[in-house]
Amino acid sequence: MSVTMPETVDLSLYAKAGVGGTCDMDLAVEGITCGACIGRIENAVRALPGVTEARLNYTNRRLHVAWADGALEPAAIVRALADNGYRGHPFVPMRAEQEEAAEARRLTRCMAVAGFATMNVMLLSVSVWSGNVSDITPETRDFFHWASALIALPAAAYAGRPFFASAWQALRARSLNMNVPISLGVILALGMSIVETANHAEHAYFDSALMLLFFLLVGRALDHAMRRKTRAVAGNLAALRAGTAHRFAGDELVTVPVAALNSGDRLLVKPGERVPADGIVQGGTSEIDDSLITGETARRKVSAGATIYAGSLNYSGALTLKVTATGGTALIDEIETLLEKAAGAKSRAMRLADRAARFYAPVVHTAAALTLAGWLLAGASAHDAIIIAIAVLIITCPCALALAIPAVQVVASGALFRAGILLNAGDAIERLAEVDTVVFDKTGTLTLPEPHLLNAAAVDPALLQRAARLALTSRHPLAMAVAREVTLRVPFDGAVEEPGEGVRAVVDGTEARLGSAAFCGMPQQAPSDDAGVSTICFRHGAATASFAVSQKLRADAVAVVAALRQRGLDIHILSGDREAAVAPVAQALGITQWRGGLKPADKIAAIEAMKAQGRRVLMVGDGLNDAPALAAAHVSLSPIAAADMTQAQADAVFLGERLGPVTDAIAIARRARRLMMENLWIAAVYNAIAVPIAIAGLVTPLIAAVAMSGSSILVTVNALRASRGAGERP
Amino acid sequence: MNILVYLLPVALTLGLIGLAGFLWALRSGQYNDVEGAALRVLSDDDVT
């Protein structure tokens, strides 16, 4: 490690003032492997002066720390974690996450109340049913029915609120959703049961109404739990991606989180670091890799006056940077305008569940009305006709139908989660399943985001390992590419980095050098004809090697493209990089439909043209220049290394260095979609059998209970099959 | 059958106590870290 001045780290942005003169902070902790870590982490942090509370949440890998205000520098917590081998990344909990947590708690409370009430009412109902066929007295039956009403009415009023509120909203907007028939069914079942109980009737439907609510709430609570889990992981990843910047405070450098930067701040960007914020170069010269911004892999020389963007990789020299306001540059403005246009043009695909509800509700309500009219015409009393019509509504109450899609959704998003795909949008699964065309960005999507060694196999392995261990000492991106090949992660003692030239160390009595050709005393090589490939040299005594470093295809890119093609998908590349750089990648992957040198507006135009042909496009991209195209596509994916603005547009984000999650996502989504359709058919068949029985007036509460729980269980069990798609690797 | 007049409220009250217990556990955050709780019970150094 080169010796540098220890910099002050200012994390006060993340510390929140709590009650009674305390401060608290949340950190996402990396490196937790087992239960023993809980004690180690909490004890290490509690040992710090002033800390009053340290509590690790093992489930979502988050540490909450509270301390007496002023007694502790927040950075000390991160240092204490680092001393114990953990990496702590402070963060401010996102508001969306907190709102979702509150909603999940509300649903769990509703579910608990509905579950309690269902069990108790069912106990009473079973007694009545068995009593009806033996010797129950009418007085006892009435008593049981009134007791059921006493439990059911308050419970339904409390547990049914999520459904009633949503149904009311839909009705006020003059539309229908699945909650309208659900609410109607519950309210009618309860109302009719009270009237019937008052008339000393044999049948009451309190149990049906509650069971319906309970089953549906279980489905919704599970859906929310899955979404919260995904959000927590996404939040942690965001926390550990959030970079830091070296800000000048007078002449001193202070390391601050990127979120604390303001327009006008002066920053130092060291070689090998990513640029933390958009800005204008004030001093220094360097080469900048803009591939995360424009997809261009050839490096750009920058000096004072040049504009550079957050996410670019600084190669050779230290730069001083003046931060400009976001949206202050031509490129960002252009992308924001395009994003607005893309979002405006996007026709929201109607969700399958809403489409089913829109078809289903009128049919059922008409059937009930016809039943009422039919029985009246057939000479039944008004009381009997109404009772039978309501029974039709209760038995068709869409328990199976309302579970058909969410149940698959829960299982499928769990399978996606295990495959390393985090969903941003709830309906992304349905849209992923419809895709027939996949458009890839090249740089950072088909290729790995960081430069890699191209000719590792051509170099003597022992020599490569020596070079790689030497490279561990350097922060230069080319050296870091060599260092990725290392097997023994131990830097050489006494290795020294010569800024702008290379690293040297004495290895086995002979000096070893890694760096420019001149630094290693090797002949200057003719620059490669591909502007994206750079060379770094190594000399150890008489042995020499030169390494070609460039963006490299993801290891499984060829297999993934082949697998996608096998599934009948049409594959395109739309890249912002030069055509000369795109051609070899397209050739290696066997993709004939590719274009290079595209501006963000060109990418949108290309996708719009595909949509005009009736194609459903999946866009996979990572660069800032891809953000508008992601928004314009039918559905979109981003690798986790993508630019922030791009990730925000993507419907799902995938983790890791493999491209495999793209095939997994499509496979799981298609399977899920098939199961959703199957479930809708199961629900339809159930109704086709149950409705005639109800219309004939033969339904009793016992039949309703058996039919409803039977069909719900069938649909749920069928949905469990959605988890199998994850195992099929291409 | 008059016994039911006493038994039913008693059974309901017991059930309600259970429900209240669950809601209390939910409110006091005992379900926030279910995996951690399973592991914490094994460590013996948190007796402070």
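1. **Salt bridges overall.** The count comes to 28 salt bridges over all chains. A salt bridge here is a side-chain nitrogen of Lys or Arg within 4 Å of a carboxyl oxygen of Asp or Glu. Side chains of opposite charge can pair when their charged atoms come close.

2. **What kind of model this is.** The model is predicted: local features need pLDDT of at least 70, side-chain atom pairs count only at pLDDT 80 or more, and totals for chains, interfaces and linings use all residues. Residues are numbered from 1 along each chain as its sequence is written, chains are lettered from A and ligands numbered from 1 in the order in which they are written, and side-chain values use heavy atoms, with hydrogens and water left out.

3. **K16(A) and D26(A).** These two side chains form a salt bridge, N to O 3.3 Å. K16(A) sits in strand 2 (residues 16-17) of chain A and D26(A) in strand 3 (residues 22-30), so the pair ties together parts that are ten residues apart in sequence. Helices (H or I, at least four residues) and strands (E, at least two) are DSSP runs, numbered from the N terminus. K16(A) is partly exposed, at 32% relative accessibility. D26(A) is buried, at 14%. Buried means under 20% relative accessible area, exposed over 50%, and partly exposed in between (1.4 Å probe, protein chains only).

4. **R658(A) and D556(A).** Here the salt bridge has an N to O distance of 3.7 Å. R658(A) lies in the loop between strand 28 (652-654) and helix 22 (661-695) of chain A, and D556(A) in the loop between strand 23 (543-550) and helix 17 (557-566), so the pair ties together parts that are 102 residues apart in sequence. R658(A) is partly exposed, with a relative accessible area of 37%. D556(A) counts as buried, at 14%.

5. **A salt-bridge network.** D577(A) pairs with R578(A), and their closest N and O atoms are 3.5 Å apart. Salt bridges that share partners join E296(A), K442(A), D577(A) and R578(A) into one network. D577(A) is buried, with a relative accessible area of 0%. R578(A) is partly exposed, at 23%.

6. **Nonpolar cores.** Which residues touch the most other members of the largest nonpolar core? They are V438(A), F440(A), L564(A), L618(A) and V662(A), out of 118 residues. Such a core is a set of buried Ala, Val, Leu, Ile, Met, Phe, Trp, Tyr and Cys residues joined through side-chain atoms within 4.5 Å. Apart from this core lies another, of 30 residues, among them V459(A), V503(A), F538(A) and V549(A). In soluble globular proteins, nonpolar side chains tend to be buried together.

7. **F440(A) up close.** Leaving out residues up to four places away in sequence, F440(A) touches residues including L446(A), L564(A), I571(A), V620(A) and V662(A). Contact means heavy atoms within 4.5 Å.

8. **S636(A).** This residue belongs to strand 27 (residues 635-639) of chain A. S636(A) is buried, with a relative accessible area of 1%. Not counting residues up to four places away in sequence, the residues it touches include L618(A), M619(A), Q649(A) and D651(A).

9. **Chain A as a whole.** Chain A has 23 helices and 28 strands. Of its 730 residues, 53% count as buried. Its C-alpha atoms fill a box of roughly 105 × 65 × 45 Å, taken along the principal axes. Take the contacts in chain A with a separation of 6 or more: residues 24 or more positions apart account for 68% of them.

10. **Size of the interface.** The contact takes 18 residues from chain B and 22 residues from chain A. The area buried between the two chains is about 1800 Å², and carbon and sulfur atoms give 71% of that. Buried area is the accessible area (1.4 Å probe) that two parts lose on being put together, summed over both. L8(B), L12(B) and R40(B) supply 30% of the area that chain B buries against chain A, more than any other three residues.

11. **Pairs across the interface.** How many salt bridges are there between chain B and chain A? The count is one. E42(A) forms a salt bridge with R40(B), with the closest N and O atoms 2.9 Å apart.

12. **The side of chain B.** Helix 1 (3-27) and helix 2 (34-40) of chain B are the elements that give two or more residues to the side that touches chain A. The largest share, ten residues, comes from helix 1 of chain B.
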